Amino acid sequence: MKPHDMGVLFDEAAARGAATAVRLDRPFDIAPDGGTHWTLPRLAALVARTASRLAAAGVGRGDRVAVAKDNHWDYDLLACAAVRLGAVPAQLSGQLAPETLGTLLRRLGPALLVTTPELLARCRAADVDPAALAKNCVTVTHALGDTPEDPTSPGAVPLLTLDPDTPAPHRGRHDDEPLVINHTSGTTGVPKLVTHSTRTIIRKLARSEAVRYPRIGARRDDTLLNASSYAHGRTFCWTGVAVSMAPREIVLLTDSAPETADPLLRAHPPTVVEALPSAYVRLQPLTERLDNPFRRVRLFISTYDAVHPPTLRGYLTASRHRSPLWMQGWGQTETGPLTFRFHTRGSVTGDSAPGTARDLGRPIPVRTRLRAVDPDTLEPVPRGRAGLLQARTGALGLGYIGEPERWARKEQDGWWTTGDIGILRRDGSVRLLDREVDSTPRLSCLETEDLLEDRLPEALECVVLGRPGTDPLPVVVTADGRLDGDSWRGAVAGLPRLAEPVVLTWRDVPRTGTGKVRRTALLHQLTGNGSTCGTGLWT
């Protein structure tokens, strides 16, 4: 089965008799009494009931349905329910700052907002009322209530009080019509809202993954683990792939705290893992246990951002598979994956192992082309010289909601400007140096971070912040907010000059919904000035 119509994805899988078991670390927010063990027929029925409830809330063909809630896979179930009605889901992270969420909702003008009482209360305390920015608002909550209006959230109706049997006929759409809206990570400011169609995100991306490739394709006996931010487009695509491939089990983590994840992972040890880079970092202590839950993994997958070498080594050595692979993808919400690279135990261990994970591999064959251009003139530069990376791909989205001029600036003659500075080598491989907005002429911040993490075993994460006219500012994230001075001096030996480090804990660092560091916000937090060395034209 190849994914196509996300509105009936689960129905088609159930009709084929797929016996996939779905395991959750907590019940769905749209089905709080449904437990943590689901089958595909039950999920198909849940999507159908949810579509009826959305229809009862007034959702029709072409309407935008915004979802902003706690992190869970039911983001995609809600999206499939909206698609079923001919509507367009807009998946917004529940971790967005109130003012940012307000900005995105104003751009969307949704017919319906699906959210939680807690998020409404948090935003209203900051003088932002999300419910007032949508025609209607429903909440998902464990407390159903007896009244049509949620007593804890004025202006909102609990989703589960709406009629699950309201007629909700399946409405298809053309492959080039808007299908789903997702926002970018927002590391440098307000995220952009990217529209994708069935052609771009399903036909060009999901269908190309839904193949049983040797070693990297999903198998019927696999247990797939996903630990992600389910508000983002990558997991919408992953859902189409995972359900259509019908593995033995699908395991979903909403919380990457080791103590929360450990019981579920030990009960259902995965064979294929896809997770946020930040989730890999947080779950890494589990790899050091004798009964580590990653012992059966044959394939690790990472997207969104590079995973640093110590983390790669930790997981690949924890697997007891004879030859586990790590597949690293690089891309953007606007484009989907652009390149991929494989890591093995041999490539990340030993004296010959590279000290950086910024070698991104090669463009995806047939589907993607890359070039590097001068940031000032946009003229192509020779292979081997650093430049602004541009991509050409059939998976490019349809545009930005509310910011058409920004999209037009970044798309020129069929080439998409990624905003990343990198080097295209003669063999076609790509080396990423920095985001243009964060770049500094003194060094590559990203490669320096990799080297520091390799030399500081106590570091959970290192961040190097470029600043105009002064030394880059290193930030070292440790478990207890402490760093030995001798360790630091040894780590920076031979590196370009850096300022004295700031040492923080994980919770001290501002992050996006995908766990990326919000670099501009962190720089402003530490120095009172968020100015960077780059122009920021391509964010």
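How many of the residues of α7 are buried? In helix α7, 13 of its 13 residues are buried, and the helix is mostly covered. Buried means under 20% relative accessible area, exposed means over 50%, and partly exposed lies in between, with a 1.4 Å probe and protein chains only.

This is a predicted model, in which local features need pLDDT of at least 70 and side-chain atom pairs count only at pLDDT 80 or more, while totals for chains, interfaces and linings use all residues. Residues are numbered from 1 along each chain as its sequence is written, and side-chain values use heavy atoms, with hydrogens and water left out.

**Helix α7**

Helices (H or I, at least four residues) and strands (E, at least two) are DSSP runs, numbered from the N terminus. Helix α7 covers residues 233-245, and its 13 residues should span 18 Å at 1.5 Å a residue. The expected span is 1.5 Å times one less than the number of residues. The end C-alpha atoms of α7 are 19 Å apart, which agrees. After α7 comes A246, with a positive phi near 50 degrees.

**Strands**

Two strands pair if DSSP finds at least two bridges between them. Strand β3 (residues 64-69) has five of its six residues buried, so it is largely enclosed by the rest of the structure. Six bridges join β3 to β4 (residues 88-93), and the two run parallel. Within this pair, K69 has S93 in β4 as its bridge partner.

Another group of strands forms an open sheet of three, in the order β23-β24-β25, with mixed pairing. Strands β23 (459-465) and β25 (502-504) stand at the edges with a single partner strand each, so one side of each is left without a neighbour in the sheet. Neighbouring strands of this sheet are turned by 20 degrees against each other on average, direction ignored. That angle is taken between axes, which are lines fitted to C-alpha atoms (for helices over the stretch in contact); angles run from 0 to 180 degrees between N-to-C directions. Strand β24 (residues 473-478) is joined to β25 by three bridges, and these strands run parallel. V475 stands opposite V502 in β25.

**A loop residue**

The loop between β1 (21-24) and β2 (37-39) contains A31. A31 counts as buried because its relative accessibility is 10%. Between A31 and T50, 19 residues apart along the chain, the C-alpha separation is 9.5 Å.

**Pocket and cavity**

On a 1 Å grid over the protein atoms alone, a cavity is a set of points where a 1.4 Å probe fits but cannot get out; a pocket is an open set with protein on both sides within 12 Å along at least five of seven lines, and lining residues have an atom within 4 Å of a point. A search of the whole structure finds two cavities of 30 Å³ or more.

| Space | Volume | Main contributor to the lining |
|---|---|---|
| Second largest pocket | about 970 Å³ | α9, four residues |
| Largest cavity | about 50 Å³ | α15 (residues 519-527), three residues |

A volume is the space filled by probe spheres set on the grid points, which are joined across faces, edges and corners. The second largest pocket is lined by 39 residues, and Q95, D255, S256, R282 and W506 lie nearest its centre. The lining of the largest cavity consists of D438, L465, G466, R519, T520, L523 and T532.
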